[in-house]
Amino acid sequence: MTAIYKREFKAFFRNMTGFIYIALFLIVMAFLSNVINFSNRVPNFEYVMFYMRIGLIVMIPILTMRSFSEEKKQKTDQLLFSLPVSTSKIVLGKYLSTLTVFAVPVVISCAYPLILSKYDASGAISYGASYGTILAFLLLGASLIAVGIFMSSLTENQIIAAVLSFAYIIIDFLISFKILTLPSSSTASFIGIVVLIAIMSLIIFALTKNSTIGWMVFIILDIPLAIVRFIKPDLLEGGLTKVLDNISLFDKLYDFATGVFNVNSIVYFLTITGLFLFFTVQSLEKRRWS
Amino acid sequence: MIEVKNLVKRYGDHLAVDDLNFTVEDGQIYGFLGPNGAGKTTTMNIITGCLAATSGEVLIDGHDIYEEPKAAKRLIGYLPEIPPLYPDMTPYEYLLFVGELKGIPKRVLKSEVQSVMERVQITDVKNRLNKNLSKGYKQRVGIAQAMLGDPPIIILDEPTVGLDPVQIIEIREVIKSLAEGHTVIFSSHILSEVSEICTRIMIISDGKLVTEGSTEELEEKFKGGTVIDISVKGSNEAVAGVLSGLEGVESFEVTDDDGSGTVSAKIKCAEGADITEALSFALIEQRCLILKMDTEKTSLESVFVRLVGGNASDYEDAAAGYVSQSGDGETDVGPYYDEEGVSAEDLLNNAVKSVSDEHAPFDMKDDEAADEITDVDTADNDETGEKEAENDDSDL
């Protein structure tokens with residue numbers, strides 16, 4: 001695994017992606033800090049990180065699009081599969097190296113609250129909120145990288161991989177604005193949630209090529225929903241909106257930026273990371289099995 | 001030892017591998033032969049664990065490739081059809097990377113990589129980027145990767161495809177040198193290559209194993225009578241008279257060369273009969289001067305064509321070019337050189353010249369291609385010369 005980690009990490013700096021990403025991140029962060037903290041005389045660095053999340057929409061697809069697509073295109077995936085290394089270690093090695101590159105400017109950002117404290121005469125700065133948001137930002141990036149690597153394992157075309165992860169991330173981002181007007185009646189929510197479960201079951205079916213598992217997920221998730229629908233329909237009022245809000249990764253960053261350290265969100269970030277890494281392993285194994 | 005049992009691979013409706021069963025014994029060089037699309041690559045990918053079978057079992061020294069992939073993969077070095085090189089790495093970095101993944105201990109890794117690089121002669125390009133290497137060097141880096149860690153089984157998928165004749169010979173030498181202490185399986189659709197390097201041959205067609213055996217066994221198994229080609233100064237009738245009177249002649253066909261006074265004949269002998277001596281005396285008795293006499297044995301090509309059937313005509317064309325190499329090739333090659341009155345060195349020089357002419361637009365850009373050619377040019381090994389000439393004969 002370390003061999004793959006090292007190779008991938010070096011590859012980021014051989015083809016300039018790593019340098020360009022780090023440079024852009026630092027420039028944008030410096031600019032935002034200048035505008036938000038210095039021009040407006042606000043000592044809260046968490047606001048800068050909160051705005052930085054918009055950059056993730058572009059940065060994550062660029063960082064992850066190569067990951068497995070290029071491997072397939074060059075046919076080097078055959079090398080990895082013929083070597084005595086397990087698929088999960090290959091995925092983990094690649095994931096961790098991408099995460100490391102992603103984390104470099106995030107670690108540098110840790111210096112900002114300290115710098116700001118020099119100019120903060122009133123003592124209004126909150127280290128807890130600043131570093132909490134930086135941590136949440138890192139974990140948000142970590143889960144989005146898992147999504148991007150999964151998308152890259154689906155295709156041998158880097159552009160398609162980038163577009164797929166861009167699509168996922170931008171939808172997630174738009175949901176986090178909570179500006180969608182959705183029907184809130186119990187029946188409409190029920191139908192909406194069933195459709196979401198159906199999409200999830202279809203993805204699982206596509207990944208495992210096992211229709212039994214797909215149907216099982218679909219039925220197991222639908223039964224409690226149907227019971228709630230007929231026994232206590234009121235509970236589902238506005239349910240669809242709630243479910244969508246809870247799915248969104250970007251939405252979770254808001255709490256941290258307002259100074260609330262939400263452990264649930266941390267767990268959610270880690271869950272999504274684990275889930276998509278698992279999906280990636282499955283999709284690579286499936287390619288061999290189909 | 002590799003055991004393949006009831007292997008089936010299905011792509012949708014297409015059956016790529018159809019109930020394949022075979023055993024690969026230790027210490028042999030196996031040639032995996034078959035026309036394009038016969039399922040060679042699929043089978044190799046399954047054996048090496050790159051692809052899963054629809055059903056069936058692959059055991060590498062008793063380790064199932066799916067149940068204990070790590071133990072099984074440790075025993076195999078694999079070069080896929082396209083050498084799996086990272087273009088942005090140098091061969092040296094690349095081999096260190098592969099060595100680390102193969103679990104070679106750190107303290108011996110560098111010396112191991114060094115010795116493998118020397119064996120396949122890539123030491124002088126070790127610091128160039130993989131993407132800048134010529135096809136021949138890429139292939140060698142790929143073979144080096146497979147050899148790394150000294151796995152007992154080495155599997156090479158069409159290692160000579162796309163190389164120029166000089167490079168082909170060099171790669172073949174590398175494969176031959178692997179024979180000591182390794183089991184080698186390599187696939188090819190070039191018959192001469194297989195019969196030259198391999199000790200055992202497996203012929204596969206439409207995903208099925210058609211036959212398996214040593215080179216000699218296969219020839220023996222499918223042997224027919226010998227065919228003799230003669231060309232004689234004399235009349236049609238005289239030759240026909242001689243032939244019809246000879247014992248051991250199964251059938252013959254005489255063709256008159258228009259007006260020049262030479263007659264050629266194709267004689268099919270009965271199985272096991274050796275009529276060359278009787279034939280020459282009989283012809284001389286009739287005062288017919290023999291200009292040429294050629295014996296054609298059942299070649300592997302004809303065995304192959306007979307077994308694979310289907311697109312036989314393609315293979316007959318190909319086979320025609322290889323006749324001199326097949327079977328006990330030396331006997332056929334000898335007279336050819338004597339007749340022409342040229343030495344092996346001359347032939348070698350001609351061959352090298354035509355190679356460089358032919359490939360100039362593609363390969364001469366690379367310095368190393370030129371180096372390789374001059375390397376062979378200065379070689380004083382007659383045997384290499386003959387091989388080179390044969391190659392030239394058949395490939396160009």
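# Exercises on a two-chain predicted model

In helix α6(B), the buried residues are Pro165(B), Val166(B), Gln167(B), Ile168(B), Ile169(B), Glu170(B), Ile171(B), Arg172(B), Val174(B), Ile175(B) and Leu178(B). Buried means under 20% relative accessible area, exposed over 50%, and partly exposed in between (1.4 Å probe, protein chains only). This is a predicted model, in which local features need pLDDT of at least 70 and side-chain atom pairs count only at pLDDT 80 or more, while totals for chains, interfaces and linings use all residues. Residues are numbered from 1 along each chain as its sequence is written, chains are lettered from A and ligands numbered from 1 in the order in which they are written, and side-chain values use heavy atoms, with hydrogens and water left out.

## Exercise 1: a helix of chain B

Task: Check the span of helix α6 of chain B, and state how many of its residues are buried.

Solution: 
1. Helices (H or I, at least four residues) and strands (E, at least two) are DSSP runs, numbered from the N terminus.
2. The expected span of a helix is 1.5 Å times one less than its number of residues.
3. Of the 14 residues of α6(B), 11 are buried, and the helix is mostly covered.
4. At the start of α6(B), a side-chain oxygen of Asp164(B) comes within 3.0 Å of the backbone nitrogen of Val166(B).

## Exercise 2: aromatic pairs

Task: Describe the ring pair of Phe173(A) and Phe250(A), then that of Tyr86(B) and Phe97(B).

Solution: 
1. Rings of Phe, Tyr and Trp (its six-membered ring) pair if their centres lie within 6.5 Å; planes under 30 degrees apart count as stacked, over 60 as edge-to-face and the rest as tilted.
2. Over all chains, the structure holds 24 aromatic pairs.
3. One of them joins Phe173(A) and Phe250(A), with 5.2 Å from centre to centre and 85° between the planes, an edge-to-face pair.
4. This pair links distant parts of the chain: Phe173(A) is in helix α9 (residues 158-175) of chain A, and Phe250(A), 77 residues apart from it, is in the loop between α12 (239-247) and α13 (253-257) of chain A.
5. Phe173(A) and Phe250(A) are both buried.
6. For Tyr86(B) and Phe97(B), the ring centres are 5.7 Å apart and the planes stand at 75°, so this pair is edge-to-face.
7. Tyr86(B) is in the loop between β6 (76-79) and α3 (91-101) of chain B, while Phe97(B) is in helix α3 of chain B, 11 residues apart.
8. Tyr86(B) has a relative accessible area of 2% and is therefore buried; Phe97(B), at 6%, is buried.
9. A cluster of ring pairs links Phe150(A), Tyr168(A), Phe276(A), Phe278(A) and Phe279(A).

## Exercise 3: salt bridges

Solution: 
1. Side chains of opposite charge can pair when their charged atoms come close.
2. A salt bridge is a side-chain nitrogen of Lys or Arg within 4 Å of a carboxyl oxygen of Asp or Glu.
3. The count by this rule is 16 salt bridges over all chains.
4. Lys94(A) is buried, as is Glu8(A).
5. In chain B, the side chains of Arg200(B) and Glu212(B) meet in a salt bridge at 3.2 Å, N to O.
6. Salt bridges with shared partners join Arg7(A), Glu8(A), Glu71(A), Lys94(A) and Asp88(B) into one network.

## Exercise 4: Asp77(A)

Task: Is Asp77(A) buried or exposed?

Solution: 
1. Asp77(A) is in helix α5 (residues 76-82) of chain A.
2. Its relative accessible area is 8%, so Asp77(A) is buried.
3. The C-alpha atoms of Asp77(A) and Leu284(A) are separated by 9.6 Å, although the two residues are 207 residues apart along the chain.

Terms used:
Polar contact = N/O pair within 3.5 Å; in protein donor to acceptor, adjacent residues only side chain to side chain.
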